[in-house]
Amino acid sequence: MNINILNTTLGVCLVGLLVLSACEEAAIPVGVDNTPITLDTISFPVVKAIAYQSPPEMGKTEYLYFGKQDGFDFQYNLIKFDSTSVTANTPFSYFNDSLVVVDSLRLSLRFDKDSITSDAEFQLRYFPSGGDSVFNELESNYLNFNQAIASEIISTAQMEADSIDTNKTEVYLNFTLDSSIVNAFRDTSILEYNRSFLVELANESSESFYFHSTDIQAGIKPELTVFYRQFLSDTVVLDTTSRSYLAVADISIITPAPISFEDSTTLSVSIAKGLKSIVFVDMGDWTLPSKSIVSSAQIIFNRVESDSIAQFKVISHPMTSEGVYERFTSFMDDPYDEDLNFFVSTALIDNVLKINHRKAATEIGHKNFTNFGFKLQSSFNNDPFTTVQFYGINNTDYYPVMRVIYVLP
């Protein structure tokens with residue numbers, strides 16, 4: 001292992017620099033007046049690195065996707081609604097009252113545009129078998145979810161414009177349902193009914209359609225509205241009113257686009273393609289000197305593409321088991337668990353990614369944590385269809401490396 005150690009004795013004049021370099025956490029303590037500190041830099045090589053693919057994790061994106069786009073096939077979407085009304089803070093069991101009569105329901109999805117660009121028809125199914133769980137936002141995908149467990153089609157709909165005022169129009173996909181759905185959702189024989197729906201295009205389409213998901217930051221979440229009448233007596237009834245339930249989980253089930261040669265030969269990350277990368281930093285038997293403090297521990301990656309890119313963040317964690325680096329592999333399930341205690345999210349700046357694993361390096365240096373390598377993946381805040389590629393260890397100019405800076409009082 002080639003480890004380059006640079007020692008430099010610095011005076012009090014470097015205090016400001018050290019404080020800035022420790023911005024990830026608390027400032028680094030330094031000595032009193034005229035007491036020098038030692039700043040050490042040690043470089044560790046990345047000796048193993050590979051990209052791999054697992055099924056796309058589309059459960060935390062801002063949109064629900066339908067149709068086709070750039071080789072991706074958006075098969076259908078799953079949506080689960082809250083059991084408690086957002087308008088009155090009451091559960092579905094409220095409709096068990098014999099004096100409450102449900103007339104209909106409406107499931108609404110907000111289109112990402114304010115004009116109707118297609119007459120595409122959508123259809124809706126639900127899951128009458130009950131149970132408390134139909135899908136998982138972080139685990140369900142095109143390989144492990146069987147849409148055959150859904151019901152027959154219970155409603156169809158096309159997008160329609162809703163004029164809020166003379167200056168603004170919003171477009172929605174509104175499904176109308178009969179009261180039998182409420183009868184299922186309020187089934188008292190099931191402790192927690194799933195309240196989930198499956199939405200899909202009625203026909204194959206070469207277009208793509210985006211709707212707001214439950215994770216949208218500035219938008220309108222999917223909503224289920226129950227219209228009902230409440231009787232005060234056998235003969236006296238109040239006007240029809242409604243209660244609304246917001247989505248609490250949703251996911252687009254998609255088939256990813258084909259993997260390119262560049263995807264498999266660089267260190268690639270992408271949500272919709274399911275691309276992630278792992279790297280092993282050879283830290284040997286390095287021990288962090290007693291009483292020293294790690295200022296930074298940056299793994300530095302250079303982007304292959306040279307064009308500009310909108311803000312893009314990479315999530316990284318230390319791995320909890322050894323990686324396999326022989327060749328690019330597509331897995332049925334992601335085989336690499338990560339230690340969530342060392343979560344790091346880093347923005348790409350000028351096509352350079354500097355992931356600061358200061359906490360992990362500190363624990364590795366103190367022999368409190370085993371170095372199995374690090375995992376890289378795209379942040380859920382990124383455009384899921386963007387793939388970013390970094391140079392691996394075979395590039396002689398831009399190979400990745402970890403640089404650890406630490407100080408001794």
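**View 1. Contacts of Phe211 in the predicted model.** Phe211 is in contact (heavy atoms within 4.5 Å) with Glu62, Tyr63, Leu64, Phe66, Leu109, Arg110, Phe111, Asp112, Phe122, Met159 and Leu173, residues up to four places away in sequence not being counted. This is a predicted model, in which local features need pLDDT of at least 70, side-chain atom pairs count only at pLDDT 80 or more, and totals for chains, interfaces and linings use all residues. Residues are numbered from 1 along each chain as its sequence is written, and side-chain values use heavy atoms, with hydrogens and water left out.

**View 2. The largest nonpolar core.** A nonpolar core is a set of buried Ala, Val, Leu, Ile, Met, Phe, Trp, Tyr and Cys residues joined through side-chain atoms within 4.5 Å; buried means under 20% relative accessible area, exposed over 50%, partly exposed in between (1.4 Å probe, protein chains only). The largest such core has 38 residues, and Phe211, Phe95 and Leu224 are among those with the most contacts inside it. Strand S5 (residues 100-110) gives the largest share, 5 residues; strands are DSSP runs of E, at least two residues, numbered from the N terminus.

**View 3. The second core.** A separate core of 33 residues includes Val281, Ala297, Ala360 and Phe374. In soluble globular proteins, nonpolar side chains tend to be buried together.

**View 4. Surroundings of Ser163.** Ser163 lies in strand S7 (residues 155-165) and is exposed, with a relative accessible area of 52%. Its contacts include Lys168 and Thr169, leaving out residues up to four places away in sequence. The C-alpha atoms of Ser163 and Asp114 are separated by 9.8 Å, at 49 residues apart along the chain.

Methods
Helices (H or I, at least four residues) and strands (E, at least two) are DSSP runs, numbered from the N terminus.
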